[in-house]
Amino acid sequence: MSSAPSFKRLPRAVREQQMLDAAVKVFSRRGYHAASMDEIAEDAGISKPMVYAYLGSKEELFVACLQREGTRMTEAIAGAAAPELPADERLWRGLRAFFGFVGAHRDGWAVLYRQARGEQPFAGELAAMRARLVEVVAGMLDHALRAEGREIAGTELEVVAYALVGASESLADWLADHPEADPERTATRMMNVAWLGADQLLNGVTWHPSAD
């Protein structure tokens, strides 16, 4: 009798998601270089040739993981707040969605934020995703401010968005290492740190160093 494994036939889209789920877990656990296609295939319950046939080389598979997790994260944030809400409520809901995503997808965050940063060409993929996220945050703030009859220069808005994204990424990395931490409570902490300053800056209040 043959001992070759048999695999249940599934729609291609379902099978690809199954492979990506397994790949994200393995890349998170092992890192890009130490991860093997054999382990990914085993975790997915499929053959290694099938992984290559569906998603290509290990590099292509890693990029596919980055793109999926980045898209999920960005869509969660963009869809979290209704456009008619005031600026602080939109930012709060976006932060809650962001930290909720990290809390629910710690492996995905590890791949996005830790594994991709120091590896080329993945660092470029990560930079592009961060730029899209900054664009989403800046757009949320701009829309809310315009609804209130307020407007600030595009550069100032971009600076605020970059600062919020960067600080949130750092705190999200802390959250990923603390499974006991509550994502919503973490979002509240970030809101308290960020908004008290951002609100004044968006209203044109700025700090200047004293003259020496």
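Does arginine 68 count as buried or exposed, and at what relative accessibility? In this predicted model, arginine 68 has a relative accessibility of 11% and therefore counts as buried, the cut-off being under 20%. The residue belongs to helix 4 (residues 58–78). Beyond four places in sequence, the contacts of arginine 68 are Gln17, Leu20, Asp21 and Val24.

Confidence was examined along the chain. The mean pLDDT of the protein chain is 86, and 93% of the residues score at least 70. Helix 2 (residues 37–44) has the highest confidence, at 95, whereas helix 9 (residues 183–202) has the lowest, at a mean of 83. Over residues 1–6 the pLDDT stays under 50, and the model has 0 contacts beyond four places in sequence for this stretch.

The largest nonpolar core holds 64 residues, of which Phe27 and Leu61 touch the most other members. Helix 7 (residues 122–147) supplies the largest share of this core, 11 residues. Apart from neighbours within four places in sequence, phenylalanine 27 contacts Leu61 itself, together with Tyr32, Ala35, Ile40, Lys58, Phe62, Cys65, Val111 and Gln115. One of these contacts, Val111, is among the buried residues of helix 6 (residues 106–115), which also include Gly108, Trp109, Ala110, Leu112 and Tyr113. The cover over the buried residues of helix 6 includes helix 1 (12–30), helix 4, helix 5 (87–104), helix 7 and helix 8 (154–176).

The count of cavities of 30 Å³ or more comes to 2. Helix 5, helix 7 and helix 8 each give two or more residues to the lining of the largest cavity, and helix 5 gives the most, with 4 residues. Residues lining this cavity include Ile77, Leu91, Phe98, Leu133, Met140 and Ser168. By class, the lining of the largest cavity comprises 9 nonpolar and 2 polar residues, with no charged ones.

The second largest cavity has a volume of about 80 Å³. Helix 6 and helix 7 are the elements that give two or more residues to the lining of the second largest cavity, with the largest share, 4 residues, coming from helix 7. This lining contains 8 nonpolar, no polar and 2 charged residues. Among the lining residues are Arg130 and Glu169, along with Met73, Trp109, Leu112 and Tyr113. Phe98 and Leu133 line the largest cavity and also line the second largest cavity.

Note on methods
Residues are numbered from 1 along each chain as its sequence is written. This is a predicted model: local features need pLDDT of at least 70, side-chain atom pairs count only at pLDDT 80 or more; totals for chains, interfaces and linings use all residues. Side-chain values use heavy atoms; hydrogens and water are left out. A nonpolar core is a set of buried Ala, Val, Leu, Ile, Met, Phe, Trp, Tyr and Cys residues joined through side-chain atoms within 4.5 Å. Buried means under 20% relative accessible area, exposed over 50%, partly exposed in between (1.4 Å probe, protein chains only). Contact means heavy atoms within 4.5 Å. pLDDT is the predictor's confidence in each residue, from 0 to 100. On a 1 Å grid over the protein atoms alone, a cavity is a set of points where a 1.4 Å probe fits but cannot get out, and a pocket is an open set with protein on both sides within 12 Å along at least five of seven lines; lining residues have an atom within 4 Å of a point. Grid points are joined across faces, edges and corners, and a volume is the space filled by probe spheres set on the points. Ala, Val, Leu, Ile, Met, Phe, Trp, Tyr, Cys and Pro count as nonpolar, Asp, Glu, Lys and Arg as charged, and the others, Gly among them, as polar.
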